[in-house]
Amino acid sequence: MVPDRLRRAHNVDGRRQAAGGRRGIRVIVLVCCLLSAVRCLAGVAVVLIGTGFPRPDPSHAGACTVVDLGHEWFVVDSGRGATMRIAATTLDYAKMRAVFLTHLHSDHTAGLPDLFDTSWQFGRQSRPLALYGPRGTRKLARALLEFFADDIHYRRDLLEKHPGAGATIDLHEVSEGVVFDDGKVKVTAFAEDHKPVVPAFGYRFESEGKVVVISGDTRPNDNLLRHAKGADVLVMEAYLPEYFDRIDSAEVAARLKSYHTTADEAGEIAARAGVKTLVLTHLIPGNDNETFRARAAKAFKGRIVVGQDLLRITAD
Ligand SMILES: [Zn+2]
Ligand SMILES: [Zn+2]
């Protein structure tokens, strides 16, 4: 028999424990709500997945930039090593909304097959890959599905039994104009000047009152300037001309210089467009950050970020 005094004490302790337990649960729920609110209110951020160019470089993956809204994210280009770099982030493939290709140079597409297959297996599941790109992207998508035909069969029909819908591509060949708009995120494709590579696009993302513009590969041009106007973040390709002079023949160097943008020019574009932050990427070469910064800073007096893989830049 338990004496009344002890029973009362036990009951009081029990009530205290129950109240403490409820408080604990409430605190956990509150923390979870706060964390998810912070994640949702995290705003718009750019994550540089790969900042390199065609020449393989272990510290610079191929061209790939993510626009991260917290609850979903978008990919622009998918160069070599994209999935390996994404593996070093907290980005969840279940929240990957779409992939946009600026143009079909290999340093912007070589990682796409892996991104397609990996995101299917590890997050997209039954959602087709939403793929936007210039004319020619349909051919690339068809070849990609053919390339993985056996693998898709194994994983869909025999082994993991992944949903077949995720192993398909929701394809959009784009022309200049609004290419995506769900009421929360608007993406506008605009023509760039990367001749003789035609068409080539840049993309302007607008969400939560913020604007992120990604140049892709281009020489300076008025259309870029127009679409970059007032951007919170302009992600711009940049090169140092002396690198081409040193590495290539005079003829090849002249050709390469004619369809890219120097660090000096990137600074001039950022200044004329009145952007808040200039992010330099597609760095040619990838080992001279201070020179890139100094050249861009000649004309642009705002924030300059010389890109490196996995750098996260918030649009504020
Ligand atoms: Zn490129
Ligand atoms: Zn290119």
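I count a residue as buried if 20 or more other C-beta atoms lie within 10 Å of its own, as exposed if 12 or fewer do, and as partly exposed in between, with C-beta atoms placed from the backbone. Strands (E, at least two residues) and helices (H or I, at least four) are DSSP runs numbered from the N terminus.

**Provenance.** I note that this is a predicted model, in which local features need pLDDT of at least 70, side-chain atom pairs count only at pLDDT 80 or more, and totals for chains, interfaces and linings use all residues. Residues are numbered from 1 along each chain as its sequence is written, and chains are lettered from A and ligands numbered from 1 in the order in which they are written.

**Partners of β12.** I checked pairing, which requires that DSSP finds at least two bridges between two strands. β12 pairs with β11 in the parallel sense over six bridges, and L234 stands opposite L278 in β12. β12 also pairs with β13 (residues 303–306), in the parallel sense over four bridges; there the bridge partner of T277 is R303 in β13. I then traced β12, helix α11 (residues 289–297) and β13, which make a right-handed β-α-β unit. Right-handed means that, with the strands pointing away from the viewer, the path from the first strand over the helix to the second runs clockwise.

**The sheet with β12.** I read the strand order as β7-β8-β9-β10-β11-β12-β13, an open sheet of seven strands with mixed pairing. β7 (177–181) and β13 stand at the edges with a single partner strand each, so one side of each is left without a neighbour in the sheet. The twist averages 20° from one strand to the next. Helix α10 (residues 263–273) packs on this sheet, touching β11 and β12, and its direction makes about 160° with that of β11. α11 also packs on the sheet, touching β11, β12 and β13, at about 150° to the direction of β13. Axes are lines fitted to C-alpha atoms, for helices over the stretch in contact, and angles run from 0 to 180 degrees between N-to-C directions. Contact means C-beta atoms, placed from the backbone, within 7 Å.

**The core.** I looked up the largest nonpolar core, which has 70 residues; F100, V212, L234, M236, L278 and L280 touch the most other members. Strand β11 (residues 233–239) gives the most to this core, with six residues. Such a core is a set of buried Ala, Val, Leu, Ile, Met, Phe, Trp, Tyr and Cys residues joined through C-beta atoms within 7 Å. For V212, beyond four places in sequence, I listed contacts including V44, V46, F205 and A315.

**The other sheet.** I found seven strands in the order β6-β5-β4-β3-β2-β1-β14, an open sheet with mixed pairing. β6 (169–173) and β14 (312–314) are at the edges, each with a single partner strand, so one side of each lacks a neighbour in the sheet. β5 (residues 129–133) and β6 pair in the parallel sense over five bridges. Helix α4 (residues 112–124) lies across β4 (96–100) and β5, at about 175° to β4.

**W120.** I checked W120, which lies in helix α4. W120 is buried, with 27 other C-beta atoms within 10 Å. Not counting residues up to four places away in sequence, W120 touches H162, G166 and A167.

Technical notes. Two residues are in contact if their C-beta atoms, placed from the backbone, lie within 7 Å.
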